[in-house]
Amino acid sequence: MPTRQRVVTYGFSTAAAATITVAALLQPWRGGEAGIAQRPEPVQVASGRHAVDVVFAVDTTASMDGLIEGAKRTVWSIATHIRKTDPDADLRIGLVAYRDIGDDYVTRDLMLTSDLDRVFAELSSFRASGGGDIPEDVDAALDDTLHKMAWRDDAKKLVFLVGDAPPASRGDVPRFDLTAREAGDRGIVLNTIRCGYDRDTEVAWRQIAALGHGQFSTINHEGGVQQIATPYDDDLARLSARIDSTMVIVGDDGEREAYRRNMAAAADAPAPAKADRAMYYATPTTKGGPGGARAKHDLVGAMATGAVDVDGVAPAALPEDLRAMDKPTLKAELTKRGAERAEAQGKLEKLVHERDAYLKAQAGSGEGGFDDKVKAALDEQLKN
């Protein structure tokens, strides 16, 4: 039986270990006082929110280069579309990259996470390589999607399987049709997007979508993504980067290094993708206000909402440049950053509305690319 090489990356925002680390560091400045109680991120969704779990299972062999590059550019636009479709969506995204036996990996997974900067950083690391033979290990991809992801019981569960080659059944996991049928039974909707026009892939993709109660669609081999540049992109990217610069990540140095990697990936994105990211974080929920926190363990935001008492944060939990500050000086610095953030956020939200209107005016017709097919399926499936 062939051996599968699997790479698994856990989403930081849902990892209990990360939360436990932060909890250990959020201790009083002086011994003998009670610490701040911290709990791991709950599986249950907060009252008034709707759980939405979305997994993209993507063929990452060499022939998929155009699609992968397009997906990197449009993932923020897709996330914003979800938020606009359901303003109370508690969104998590997972990734499964797949190839075949003999390549660098068979599957490479990012577990479902609400940290969309982490999702973007992981997607940005995808490189199209390998392949050579036509079939790919779709069986392994679907097996990971169904059995490795921590799907929430009360969530809308959506999958987008994207590839240009039919399944290669290796016998180490159930066949794709059995897994697709299981998905349908479990309420996990399997959508399939065929890249190119291979007939064998169409037959398998149609079967998977039918068994998984999802949609089948076809796009051209390059992905068909048409990202529109706007006059607002550079200013939105600048304001968004200014907001990011005000973050103070509490926890250990590993948490801060993870955030740094996320920000490096965001900084390397093209201007329209940076603007899409800014729009995602600015899109409000039905409760009003910006729709999402940019970093889970941000002390500036936590202090502003009263979620954390700065007096109870241990110096060791702070970035190195803030550890030597006494409490009054630290509070003053955090207040200053909060004011800078609010000013930038106000300007950003105005530009977001102007950019949104510009994009609607520029929207054209055509057969649609990867992002258009995903959004069309979301429109139907999130409302049912």
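In this predicted model, Arg92 and Asp53 form a salt bridge, with the closest N and O atoms 3.0 Å apart. The pair links distant parts of the chain. Arg92 belongs to strand 3 (residues 89-98), Asp53 to strand 2, and 39 residues separate them. Both Arg92 and Asp53 are buried.

Asp53 has a further partner. Its side chain meets that of Arg152 in a salt bridge, at 2.7 Å from N to O. Asp53 sits in strand 2, whereas Arg152 sits in the loop between helix 4 (138-147) and strand 5, so this contact ties together parts that are 99 residues apart in sequence. Asp53 has a relative accessibility of 0% and therefore counts as buried, the cut-off being under 20%. Arg152 has a relative accessible area of 4%, so Arg152 is buried as well. Asp53, Arg92 and Arg152 join Asp90 in a network of salt bridges.

A separate pair involves Arg108 and Glu122. These residues form a salt bridge whose closest N and O atoms are 3.0 Å apart. Here too the pair links distant parts of the chain. Arg108 lies in strand 4 (residues 107-113) and Glu122 in helix 3 (residues 116-124), 14 residues apart. Arg108 and Glu122 are both buried. Across the model, the count comes to 31 salt bridges, taking a nitrogen-to-oxygen distance within 4 Å as the criterion.

Strand 5 spans residues 156-163 and is mostly covered. Of its 8 residues, 7 are buried. Within it, Phe56 has Phe160 of strand 5 as its bridge partner.

Strand 5 also pairs with strand 6 (residues 188-195). This pairing is again in the parallel sense, over 7 bridges. Leu158 stands opposite Val189 of strand 6. From strand 5, the chain crosses through helix 5 (residues 176-186) to strand 6. This β-α-β crossover is right-handed.

Strand 2 carries Asp53, which is bridged to Arg92 of strand 3 and to Arg152.

Methods. Residues numbered from 1 in each chain as written. Predicted model: local features only at pLDDT ≥ 70, side-chain atom pairs only at ≥ 80, totals over all residues. Heavy atoms only, no water. Buried < 20%, exposed > 50% of the residue type's maximum accessible area, 1.4 Å probe, protein only. Helix = DSSP H or I, 4+ residues; strand = E, 2+ residues; numbered from the N terminus. Pairing = 2+ DSSP bridges. Right-handed = clockwise from strand over helix to strand, strands pointing away.
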